[in-house]
Amino acid sequence: MRIELEHLTKIFPGRGRRNRSEVTAVSDVTLTIPDGMLVGLLGPSGCGKSTALNMISGLLAPTSGKIYFGDKNVTDLPPEDRGVGMVFQNYALYPHMTIEQNIRFPLENLKGDQKLTAQQMKERVEEAARTVDILNLLERKPSELSGGQQQRAAIARALVKLPKVLLLDEPLSNLDARLRLQTREEIRRIQQQTGITTVFVTHDQDEAMSISDRIVVMKEGTIQQTETPQKVYDDPANQFVAQFLGTPPINLFKGQVRDRILYIAEQPVLHTGELPDQEVVVGVRPEGFVLREDGAMKNEMIREEVSGRDTSILSRNPAAFSPIVRSILSNKEELLIPETVAAFDLNPRKTFLFSTEDGNRIRTELTVPSKEEDREDRHEGSKDERKEVRKEERKAEREFALAQEDIKKAREHTREAIRAEEKAEEGQGDQG
Amino acid sequence: MKRSGLKAFLYLLPALIFLAVFLVYPLIDVLIYSFEEGYSSAAQSFSGIGWYNFDYVLHDPYFTQALINTFILVLITVPVSTGFALLIAFALTRITKLRSLFETVFFLPYVTNTLAVGMVFMVLFKTTPYSEGFVNMLMGMVGLGPVDFIEGPYWAKMFVLCFYTIWIVLPFKILILTSALASVNPQYAQAARIDGASSWRIFTKITLPLISPSVFYLIITGFIGAFKAYSDAVALFGTSLNSAGMNTLVGYVFDMLYREGGGYPSYASAAAILLFLIILTITVINLLYSRKHVHYS
């Protein structure tokens, strides 16, 4: 079922004598969630995402605005009449009931012509339990289940009455890292299998990126951007979205645009499109740095950092917001790690400009300045020629790599030889 | 015995000695007395051993009266007071305005002096040369005749006794239940609402089972407390409970020991043993029932 939020606002009154000021948790949120879609509400804690979810479920009444399920206005409908399924952050399985009783509970509450016979209930419970793969746990109490099993039982309870809308409040936050990966795939699978319009709340960008069809990024009660996960990452609407998504986080710099050239720390790094001269905030994704000896941006090298599959270079730039600029290298570049100055070209597709005033994105076409010409030269040749060139490039790279390896080995040899000499000398000293 | 075990035992010794001297020994002594026929406390002698004391007590009309009174008191006050307490505690958790004021009001009887409570009940129920009591005044307004609640018919006296007992035990039960309700995670009720449950079903199927340990505790202590009732009856009807027909089991034991035709420790012991057996039976039944219906997290 399609969910529509229209100018939804929730204001909590101030509590007690100490903090009288009211809190606007959700402010004028308008959003359409198409039928059958898995949507992640993403934002830091206190951004109003849970409040928004609770208003969709009916547990909280909006201060103003409307909520539609399909064409039906459900704004004033109590939660028991909305027909939504919900999974709570700590699952809220009734501790005194077995898993079977827990899953059956929503069915026992059905009234009128929706009432089911005991046999029908049993079938529905088993069907829901089968969907989440907990058929063998039905006789147990919630306290006898692991976190992941409780989670699945909670999903079964939410699904058993075949709701049109499924709501998940931080569904993975109580699970350990390994189980989290597994369960989020599970949620995706169940959602695809049932086709229920699903809204889930999370503060974990990986979670949101990996399973949602659409991500809604929220901050201080307002929607910042609604897009597909990849689009949100590749094309952030503002500085907040760019900063919030991505691990490691985006690198921010103070920059200036002068005569359609972008300067960072007075070094020209990229060409811009038609833009007036101004101060800007430049965001560069860690993978947007291309290590080159003649790179446009020259940073002071700190050290390299190897973590599993990635190699990063940590460097320092006077215009950067943070003391460390982190760039992730592709495999090819690892062999060229510099010692004092790390020079980078910036990948224009991984570089974003933001306004210094409101953090909004300044959209313009960024291009690499100087190497533009020789790249075009290369493209002018025939297909075969290009192939040939590439082949040679690759060959040279391989040879270069081998040479580097040799140098490394030679250095190692020298070092060992020196060490051996020193040892020998020490031995003589002792004798003398 | 291991050294550490011996040490622990030594630490426990003072408490064990006190318990043995002041609790275990008297208990055994009561059991012995109850089988000694014709015991005289002056001569410290008895004529034989057997079931006569129990036979006598069970055929004593005063004992039968006390037994009936006690059972009526227990069967009325325990469910009614627990139910009322549940209702009030639940209402208290639902209101937000003036909540602490109401909590204080409901708890006041617990800290009020017994004599002051007695005075209030005098004003409410006692017929004096000047007035017929506040309750009679109210009853008169709706056209019901005056009833002497203190020296009048049996049901009127029983009503006052039950009323008094409930009023006395209510605050403590409200206190326990309010804290039990407050400790129930509100998320369960939210989940139940999402699951489509009505308020009544949320209360009976979710909330009540979750606070069942507290309710069960109140029922067990309520039963035991009501079986041991005595002072309340004295406060209302004076010390001649037998003649007022309002005696309780503990009152009967006390009377056998000290009052009017007192000086019969053997009969008193037999009655005390009977009371003990009744309380034991009821508590065992309670415990067996609780295994099925009380949920301990």
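**View 1. Where domain 1 of chain A meets domain 2 of chain A.** In this predicted model, 7 residues of domain 1 of chain A are in contact with 9 residues of domain 2 of chain A. On the domain 1 side of that meeting place, you'll find 4 nonpolar residues, 3 polar ones and no charged ones. The centres of the two domains, taken over C-alpha atoms, sit 39 Å apart. To place yourself along chain A, domain 1 runs over 3-243, domain 2 over 248-370 and domain 3 over 381-406.

**View 2. A cis peptide bond at A:Pro248.** Look at the bond from A:Thr247 to A:Pro248: this one is cis, with omega near -10°. A:Pro248 belongs to the loop that links α8 (239-244) and β11 (251-258) of chain A.

**View 3. Two loop residues of chain A with positive phi.** Start with A:Asp133, whose phi is near 65°, a positive value in a residue that isn't glycine. You'll spot A:Asp133 in the loop between α3 (118-131) and α4 (147-159) of chain A. With 13 other C-beta atoms within 10 Å, A:Asp133 counts as partly exposed. Now move on to A:Glu220, again not a glycine, with a positive phi of about 45°. Its loop joins β9 (214-219) to β10 (222-227) of chain A. A:Glu220 has 15 other C-beta atoms within 10 Å, so this residue is partly exposed too.

**View 4. The place where chain B touches chain A.** Here 15 residues of chain B are in contact with 16 residues of chain A. The largest share, 6 residues, comes from α8(B). Sorted by class, the chain B side has 7 nonpolar, 5 polar and 3 charged residues. As for confidence, the model scores ipTM 0.73 and pTM 0.73, while chain B averages a pLDDT of 85, with 96% of its residues scoring at least 70.

View 5. Which residues of α9(B) are buried? They are B:Ile202, B:Lys205, B:Ile206, B:Thr207 and B:Leu210. These residues cover an arc of only 155° around the axis, so they end up on the same side of α9(B). Part of what covers them is α8 of chain B.

Technical notes
Residues numbered from 1 in each chain as written. Chains lettered and ligands numbered in written order. Predicted model: local features only at pLDDT ≥ 70, side-chain atom pairs only at ≥ 80, totals over all residues. Contact = placed C-beta atoms within 7 Å. Helix = DSSP H or I, 4+ residues; strand = E, 2+ residues; numbered from the N terminus. Nonpolar A, V, L, I, M, F, W, Y, C, P; charged D, E, K, R; others polar. pLDDT = per-residue confidence, 0-100. Buried ≥ 20, exposed ≤ 12 C-beta atoms within 10 Å, placed from the backbone. Arc of directions from axis to C-beta. Domains from an automatic or database assignment.
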